[in-house]
Amino acid sequence: MSSDFTRQMLEQLLLPHFSKSDVQERIHAYAHPYRELIAYYRCAMMHVETKFNILDEELSLEYDRNPIESIKTRLKSLESIVDKAIRKQVPLTVESIEQNLNDVAGVRVICSHPSDIYTLADAFLKQDDITLIEKKDYIANPKPNGYRSLHLIVETPIFLHDKKKMMKVEVQFRTISMDWWASLEHKIRYKKDVEITPEIAQELYDCAEMSAELDKRMETIQSTVSDDKDTLKNPT
Ligand code: 0O2
């Protein structure tokens, strides 16, 4: 359901009752609070992304390597927002979306090694404009299907021309191999014509275990070849 499609539907419903300009005005007024909310989420997402770029820059100067491989950002589509609100049985108002959906704005930080994830998460959470709302450590406690990632829901202020507004952002931390696995699993799960048989589920689980083992071995190589100065430690 694209916003163009929603607009066309509304137009068709309203046109028999109102003039064209009246309809356009009503649609604009109806969509404005939603567009405003998405713009606020975009600002919060950019704010959080910048924080990680700064941490990467600083830590790379100190330790001579970049702990962050890449950063991906995404805003949930209108279709996914509607799906999630229906699934959670919450009203589809702007207020309710803000209150009940934690992942409209998402930042995914892809790290080189598992220990980099905890170093970055700690440094991020120590910042005084970041408030932790919820933490799910699927690295320490992987999901039964093998999914690994560290999830934080945080609240952070955005400064608008006339007010300060607190916004929620979901941050997912993964290593390259955790991200590779999750992307493939996500693609398979959402393929309408593919059934995840017990054999495929088992194969996916085995791959997740292998990728966790690979992460461990790569991290051991990294710490073996680095002297103390180059090993990332949790900043105190
Ligand atoms: P998308 O398109 O990535 O946004 P909650 O938000 O707390 O109400 P939930 O599902 O309990 O809902 O939260 P959780 O467990 O923290 O997972 C949220 C997101 O983590 C998912 O978002 C996925 O991005 C990712 N995720 C969680 N479990 C899995 C998994 O088993 N496989 C993969 N590939 N990703 C997972 P969305 O909304 O599902 O999708």
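I looked up Thr156 and found Thr156 in strand E4 (residues 150-159). Strands (E, at least two residues) and helices (H or I, at least four) are DSSP runs, numbered from the N terminus. The model is predicted, so local features need pLDDT of at least 70 and side-chain atom pairs pLDDT 80 or more, while totals for chains, interfaces and linings use all residues. Residues are numbered from 1 along each chain as its sequence is written, and side-chain values use heavy atoms, with hydrogens and water left out.

Next I turned to two helices. The axes of H6 (residues 176-189) and H7 (residues 198-225) come within 9 Å and cross at roughly 165°. Axes are lines fitted to C-alpha atoms, for helices over the stretch in contact, and angles run from 0 to 180 degrees between N-to-C directions. H6 and H7 are therefore roughly antiparallel (over 145 degrees). I listed the residues in this contact, among them Trp181 and Leu184 of H6 and Leu204 and Ala208 of H7.

Last, I looked at the protein chain overall. I recorded seven helices and five strands. Of the 236 residues, 39% count as buried.

Note on methods. Parallel < 35°, antiparallel > 145°, perpendicular 65-115°, else oblique. Contact = heavy atoms within 4.5 Å. Buried < 20%, exposed > 50% of the residue type's maximum accessible area, 1.4 Å probe, protein only.
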